[in-house]
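Please examine the sequence and the three-dimensional model shown below.

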Amino acid sequence: MREGNIYWRERYIYIFLIIVSLLLLFIIPQQIEEGAPRALPYFSISIVLICSIGGLANCFRKKEVVISFSKSLLLKLGSGIFLYFLYVFLIEYIGYYSLSVIFIVLALYLFKTRNIKTMIFSGVIIPLMLYLLLEQLLGLFMPTGILM
């Protein structure tokens, strides 16, 4: 075991994923307006939940695996999760597309992308493509806050 690393048993990771999946299943109805399509988020989170339960059940049938993480990786992961939850709760107030630009740029910076052109290009192109796909092609309207 290396010093400076954190060691987790595999089953705790699956328990963490189960708890996060259940929380997301609770949060999804609050974030989507009444009458809007909810099937895809429920479906994707349900797949994560089912796979996590299957992985947890598999942990009890075989020799348990211990996985090591560096503390810096866990700090980035925790910061990413915090940033994502902040993004989810601010969408309604700021707006999906403008907040997506900010979120993508911050997420890229958090995960060590330092090329400004890549950050700006990704931050603008991904929300633009989502806008064209969701609103123009599929007719799904995302929350608009004070900015859009």
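Helix α3 covers residues 71-94, 24 residues in total. From its first C-alpha to its last it reaches 33 Å, close to the 34 Å expected at 1.5 Å a residue; the expected span is 1.5 Å times one less than the number of residues. Helices (H or I, at least four residues) and strands (E, at least two) are DSSP runs, numbered from the N terminus. This is a predicted model, in which local features need pLDDT of at least 70 and side-chain atom pairs count only at pLDDT 80 or more, while totals for chains, interfaces and linings use all residues. Residues are numbered from 1 along each chain as its sequence is written, and side-chain values use heavy atoms, leaving out hydrogens and water.

At Val 88, α3 bends by about 30 degrees, the bend being the angle between axes fitted to the seven residues ending there and the seven starting there. Val 88 is also among the buried residues of α3, together with Leu 74, Gly 80, Leu 83, Tyr 87 and Ile 91. Buried means under 20% relative accessible area, exposed over 50%, and partly exposed in between (1.4 Å probe, protein chains only). The buried residues of α3 pack against β1 (5-9), α1 (10-31), β2 (66-70) and α4 (96-110), where contact means heavy atoms within 4.5 Å. Just after α3, Gly 95 takes a positive phi of about 115 degrees.

An unreviewed UniProt entry lists residues 12-28, 40-60, 72-88, 94-111 and 118-142 under "transmembrane region". Its positions are given in the numbering used here, feature names are shortened, and annotations may be inferred rather than shown by experiment. In the model, residues 40-60 are 100% helix, and their end C-alpha atoms lie 31 Å apart.

How many salt bridges does the model contain? The count comes to one, taking a salt bridge as a side-chain nitrogen of Lys or Arg within 4 Å of a carboxyl oxygen of Asp or Glu. Lys 62 pairs with Glu 10, their closest N and O atoms being 3.7 Å apart. The pair links distant parts of the chain, 52 residues apart: Lys 62 lies in the loop between α2 (39-61) and β2, and Glu 10 in helix α1. Lys 62 is partly exposed at 38% relative accessibility, whereas Glu 10 is buried at 11%.

Finally, the whole structure holds zero disulfides, a disulfide being a pair of cysteine sulfur atoms within 2.5 Å. The sulfur of Cys 51 is too far for a bond because the closest cysteine sulfur, in Cys 59, is 13 Å away. Cys 51 is exposed, at 53% relative accessible area, while Cys 59 is buried, at 5%.
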